[in-house]
Amino acid sequence: KRIMLGDHWFEHALAVGENGRLVTKNNELITFGGTSILVDTGGAETGFRDDMLMEVKTQHDLFKDGHPQVGSAISGEVQITMIAPHGEIPKRARLALFTRATNGVETSEWIQQGVYYIDTRKRTKDDRGFDVLELTGYDAMLFADVTYPSDSTHDYPILDTDLVQFIADNMRLSAADGRGVPVDERTFAHMDKGYMLPLPVGYSMREALGMIAACYGGNFIVTPTGELRLVALNEIPVETRYLIDENGFRLTFGGIYIEV
């Protein structure tokens with residue numbers, strides 16, 4: 001859906017998977033010598049654009065159930081309805097959302113609006129006969145919903161920042177996936193109490209994050225760029241200004257108010 005702001009509007013892009021192939025506007029493979037061209041889809045330039053995206057909804061709350069509280073690790077969610085692309089999209093594929101402002105002549109840089117992983121996929125047909133793909137996904141907090149792993153690296157109790165880093169390193173798609181989730185630099189900047197924590201036996205990594213968040217009066221989230229971040233309540237500004245339309249209603253993008 002196009003959001004008009006005077007003579008400007010927002011364009012959107014959805015990059016699917018860790019890598020992909022260049023396609024035309026009609027979603028046909030571009031080949032060179034009969035071979036399709038492999039590209040990195042970590043960025044927006046090779047993503048699906050508004051002509052393919054029918055609806056994109058995101059939910060990324062700071063508080064669990066919408067009520068102010070601390071001690072939680074909140075997962076973001078995305079729901080996408082799009083014209084079904086050629087080929088099969090892999091299970092748990094990475095979904096990266098981007099947006100930029102344009103007036104039809106000049107454009108801003110692409111701004112990342114979230115990194116998610118597919119949970120469910122459903123193919124249907126709309127009333128025009130088009131093949132439609134419906135996707136739901138969650139951000140990397142999903143990977144913290146597993147039992148705290150064995151740890152031969154540390155002697156417990158360990159420093160709270162070391163515990164967060166260990167969890168972030170183990171928030172990954174599978175045991176064979178060597179990558180974890182980066183930690184937002186603002187997280188450790190606020191973790192200045194030096195708490196020593198025991199091995200969280202019988203708890204999930206997400207529950208352990210919640211315990212640490214409670215110690216600092218905040219909650220853990222995954223940022224739009226896919227980094228683990230602790231947000232303390234005392235970081236929230238007393239007064240926030242939002243972008244509004246001519247009728248005074250606050251404008252949103254993916255359910256999130258636009259701050260100015």
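This report describes the cores, helices, aromatic pairs and salt bridges of a predicted model.

**Cores and the helices around them**

The largest nonpolar core has 29 residues, and those with the most contacts inside it are Met 141, Ile 167, Met 171, Leu 209, Ile 212, Phe 220 and Leu 228. Two or more residues of this core come from each of strand E10 (111-125), H1, H3, E14 and E15.

Helix H1 is mostly covered, since eight of its 11 residues are buried. These buried residues are Asp 160, Thr 161, Leu 163, Val 164, Phe 166, Ile 167, Ala 168 and Asn 170, and they pack against E12, H2, E13, H3, E14 and E15.

In helix H3 the buried residues are Met 205, Ala 208, Leu 209, Gly 210, Ile 212 and Ala 213, and what covers them includes H1, E13, E14 and strand E15 (228-232). Ile 212, one of these buried residues of H3, is in contact with Asp 160, Leu 163, Val 164, Met 191, Leu 197 and Phe 220, when its neighbours within four places in sequence are left aside. H3 is followed by Gly 217, a residue whose phi is positive, near 60°.

**Aromatic pairs**

The structure holds three aromatic pairs. One of them joins Tyr 148 and Phe 166 in a tilted arrangement, with 5.5 Å from centre to centre and 45° between the planes. This pair links distant parts of the chain, as Tyr 148 lies in the loop between strand E11 (131-138) and strand E12 (158-159), while Phe 166 lies in helix H1 (residues 160-170), 18 residues apart. Tyr 148 is buried, with a relative accessible area of 8%, and Phe 166 is likewise buried, with a relative accessible area of 10%.

Another pair is formed by Tyr 195 and Tyr 216, whose ring centres are 5.4 Å apart and whose planes stand at 70°, so the pair is edge-to-face. This pair also links distant parts of the chain: Tyr 195 is in the loop between helix H2 (185-190) and strand E13 (196-197), and Tyr 216 is in the loop between helix H3 (205-215) and strand E14 (218-222), 21 residues apart. Tyr 195 is partly exposed, with a relative accessible area of 32%, whereas Tyr 216 counts as buried at 12% relative accessibility.

**Salt bridges**

Side chains of opposite charge can pair when their charged atoms come close. The structure holds six salt bridges, including those in the table.

| Salt bridge | Closest N and O atoms |
|---|---|
| Glu 11 with Arg 100 | 2.8 Å |
| Glu 55 with Lys 57 | 3.7 Å |
| Arg 128 with Asp 126 | 2.9 Å |

In the pair of Glu 55 and Lys 57, Glu 55 counts as partly exposed at 40% relative accessibility, and Lys 57 counts as partly exposed at 44%. In the remaining pair of the table, Arg 128 counts as exposed at 56% relative accessibility, whereas Asp 126 counts as buried at 18%.

Notes. Residues are numbered from 1 along each chain as its sequence is written. This is a predicted model: local features need pLDDT of at least 70, side-chain atom pairs count only at pLDDT 80 or more; totals for chains, interfaces and linings use all residues. Side-chain values use heavy atoms; hydrogens and water are left out. Rings of Phe, Tyr and Trp (its six-membered ring) pair if their centres lie within 6.5 Å; planes under 30 degrees apart count as stacked, over 60 as edge-to-face and the rest as tilted. Helices (H or I, at least four residues) and strands (E, at least two) are DSSP runs, numbered from the N terminus. Buried means under 20% relative accessible area, exposed over 50%, partly exposed in between (1.4 Å probe, protein chains only). Contact means heavy atoms within 4.5 Å. A nonpolar core is a set of buried Ala, Val, Leu, Ile, Met, Phe, Trp, Tyr and Cys residues joined through side-chain atoms within 4.5 Å. A salt bridge is a side-chain nitrogen of Lys or Arg within 4 Å of a carboxyl oxygen of Asp or Glu.
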